[in-house]
Amino acid sequence: MDHIASALGGWTVPAAFAGCLWGIFGGALPGISPSIAMALLLPFTYGMEPVTAIVLLASVYVGAEYGGSIPAILIRTPGTNASAATTIDGYEMARQGKAGEALGISLVSGLVGGLFGLAVLVLATEPLAEVALAFTPMAYFSLAILGLSVIASLSGGSLLKGVIAACLGLLVATIGSDPVSGVPRFTFGSPDLLGGVRPILIMVGLFAVSEMLVQIGEPAWGKAEKRDTRLKLPSFGMQRRLFRAQAIGCGIGTFEGVTPGAGGTVAAFMAYNEAKRWSKQPEEFGKGSPEGVAAPESANNVVTATALVPLLSLGIPGSNSAAILLGGFLIHGLQPGPMLFEKAPEVVAGLYWGLLLANIAMLLLGLVILTPALWLVNRPKPYLIAAILALVLSGVFAIEQSFFDVGIVLTAGVVGYLLRLAGVPTLPLVLGVVLGFMVESNYRRSLVISFGDHWVFLQDPVSLILLSLAALLTAWSLWREFGRKT
Amino acid sequence: MSDAVGAGGVPMALAAVMAGAGALLVLRSLLRAPPAGESRSIAAHAKAAGLLAMMIAYVLAAPMLGYPLAIGLFAAAVAAYGGARLGWRVAAFGAGVAAFGWLGFVKLLGVAFPVGTIFGG
Amino acid sequence: MIGRRLALSAALLPLLPTAPLRAQMRYPVNPVTLITHSSPGGGSDVFLRELIKHLQPVMGVSFAVENVRGGSGATAVARVARSAPNGGTFYATTPTYIQTSYLSRPEVRWDGLDPMAIVFLDPEVIYTRSQSSFRTLKEAMDAAKANPGRQRWGAANPASLERIAMERLNRLTGARAAVVSHEGGADLMVGVLNGTYDVGIGEIQEVKAQLEAGRIRLLGVLTESRLPEFPDLPTAKEQGLDLVVTKFRGLAGPKGIPDDIAAMWEQALRTVLASPAYRDVYTKEALVPVMLGREQARRFTAQAAEDIGAALREMGVIR
């Protein structure tokens, strides 16, 4: 009971709301990732009470991970990496005039995921930490392969084109320092490329910029179309339909979040894929299926909470955002890890309460700001295109104050435009970029560990399970996509 | 010091797969009509090219003009290019974008956008 | 440049309980900007923010910490190199800026800056999980020597000093162990904890959480002499392995800063390092104070650059 009093007293509640609002704003800005939004507030937390500081940072984190879905649905621009999968059906729904409904589904699914993830974090940290510890580089490789296997059903009908797109994405991921030997690859001597190409730049370019390039040549949207002008929360009946998709999202998100490195993006795509597989109306996916929004949104909000499992139990940050949170702990002289629960339980309790408050704040803030956002997006097309591009160009520059990054986005935009002309699916490319590093680095690490023996991938038990799962699911998807057509 | 695969191993393997898949695609298209991607008129492509040119112009001009002026001009130009009627509305829109960008990114987020060499930045 | 305003206000926070600024010198520039390429919360960032708290009363000026990310440090280095040589702008140096100079063609290489001081050395430790049978580094290396081509060691980034150290250890012992690179210390910690790696290497800060929980054991420290925090932990040298890693933290400015400013910095840093309040902080973090003034810092940095270049060439990372 003491904990509740100390957690809710003082500045905790305002911190949760302010942090969440800031996070939503930052997350919605294309290019500003959750970790950047958190980093921007970090200097402010120096003078704060530890619990307040942690609550503030955690709320930014929750808000930002959610905020990315807003532009993803409204303008086909993922605000954060993890919202990339939401663009598929979310934007499609928006084009059909159902943006308000999509936003409502995203909000509610996000809340469901956030609360589920929090429950898992509070109740199951210890056992889940053991899962995280069971992962070897071989297992990580197989996990990445499992993530890649999703391309089989995202290739829009042509597996060959999907494979090419995925390989292109994997190639882009090789730009930078080689993960094993450190040799610079494809950098042309440029220090800007030494760190590799950020996936968000590729995503924003491929999705948003290419869409604008297409839209500028299309006639203006007709006035007679019926478009949502207000936020529409899912009805009871709709919520029942979404339950399966959300459950799948929660399950996958838990697993992906706990294993450091995999992240919300992969969880979202896999949840999308599995929701489609088990859906009663799979043919709607890709054409504006509500389940196609619910699954990835619940998945990536679950990851937000479960990514803290390795941080709290082992002191190991599993994502950039977790690393900033770690910095927040360290600044206040706290060491996350096995001893934190013993030395500073009130901080851990404060964090849990903060996450709960942040989720509630997310719901309330969403109810307030989504309708104005919807209004903004219903403005005439020429102004909208101009505003979206201005936002993208500004947001991308803000990441590292670099016009080089903007150049990358423009290049990706042109590539996306050309790919659309050629009928090549872009989602496999995105997956390749996101997973490329994880696939290659762990593949080669495993070979160093085994002194060159390839059997190691089947000898490691976790790896064996994951590879078998990947093979099984791929075969199933292939049969479903292509088998029935012939 | 490094492994058997080496720094070049994976890129080469990927290139090989891409070449193989590409060859298969070419073969398939020679044998029968391929599923079409989006087909668009030359005018549409030209319009897209013009938009791209404007974005490139912004990137080149921003260090000189400074961020607020450049982004405002960009926004107004794109809106006009996209079909908005020329007039005070477009100008006000450009000014609005410049103000929002400056307030949000430079003041609020504190990001160091270029001030512009013509302003002594 | 995440918010000059934010950074400045954060830097001024410690001054709010108005202790009089007992300046012991008249430093010509105010405020002074310290630039780091690490993001807020990162190693250099935390180091700088702590340092300026203690520097401010001694030097009588206010400090701002700016995070200039991008290009693996190249942007930050270029920014400092272009600034006026009046003592108002400095870069927080670590081996990274030397590595970037070798691995790419940055606008300004490491020698485009003039080292002002070397303040600390981050000690690296070799550790293993507590379930392991190795009690000392010597035991671990003897086992490796006896079974060449069998052990697996975890290291950090492939171009990092940590990996260079492990490769050197490999050669010293003839162990032909597999040295596996990771993205920094946290990643490889999992590998050590679950037994994938026989030993790992990392900074004390990185391994502290696991050490206190009793999950890992330190085998040896790669410094010239033992750490005051860990008096029972022998150095690698003591155990017969001539291996010392110099992961430094210092300051560098643009070329052409006058001598009197350099002298003021040396005096100020010496004072700060000797102060009990700061000593508490850095001893807890197991940082080794090393106070090199400008002349020595220049020689030290040049030597470090040569060593890193040679090691990278040896490992085949660069030609």
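Me: How many helices and strands does chain A have?

Reply: Chain A has 24 helices and two strands. Both are DSSP runs, numbered from the N terminus: helices are H or I runs of at least four residues, and strands are E runs of at least two. This is a predicted model, where local features need pLDDT of at least 70, side-chain atom pairs count only at pLDDT 80 or more, and totals for chains, interfaces and linings use all residues. Residues are numbered from 1 along each chain as its sequence is written, while chains are lettered from A and ligands numbered from 1 in the order in which they are written.

Me: Why does the radius of gyration of chain A agree with a compact globule?

Reply: The radius is taken over C-alpha atoms, and the globule rule is 2.2 Å times the number of residues to the power 0.38. For 486 residues, the rule gives a value near 23 Å; chain A has 22 Å, so the two agree. Its C-alpha trace spans about 60 × 60 × 50 Å along the principal axes.

Me: What makes Val51(A) count as buried?

Reply: A buried residue has 20 or more other C-beta atoms within 10 Å of its own; 12 or fewer make a residue exposed, and anything in between is partly exposed. The C-beta atoms are placed from the backbone. Val51(A) has 26 C-beta neighbours inside 10 Å, so Val51(A) is buried. Val51(A) sits in helix α4 (residues 50-67) of chain A. Across chain A, 66% of the 486 residues count as buried.

Me: What share of contacts in chain A, between residues at least 6 apart in sequence, join residues at least 24 apart?

Reply: The share is 79%. Two residues are in contact if their C-beta atoms, placed from the backbone, lie within 7 Å.

Me: How many residues of chain B and chain A take part in their contact?

Reply: Chain B gives 46 residues and chain A gives 52 residues. In chain B, α1 (6-31), α2 (42-65), α3 (67-81) and α4 (88-108) each supply at least two residues of the side that touches chain A.

Me: What classes of residue make up that side of chain B?

Reply: The side of chain B that touches chain A has 36 nonpolar, six polar and four charged residues. Nonpolar covers Ala, Val, Leu, Ile, Met, Phe, Trp, Tyr, Cys and Pro; charged covers Asp, Glu, Lys and Arg; the others, Gly among them, are polar.
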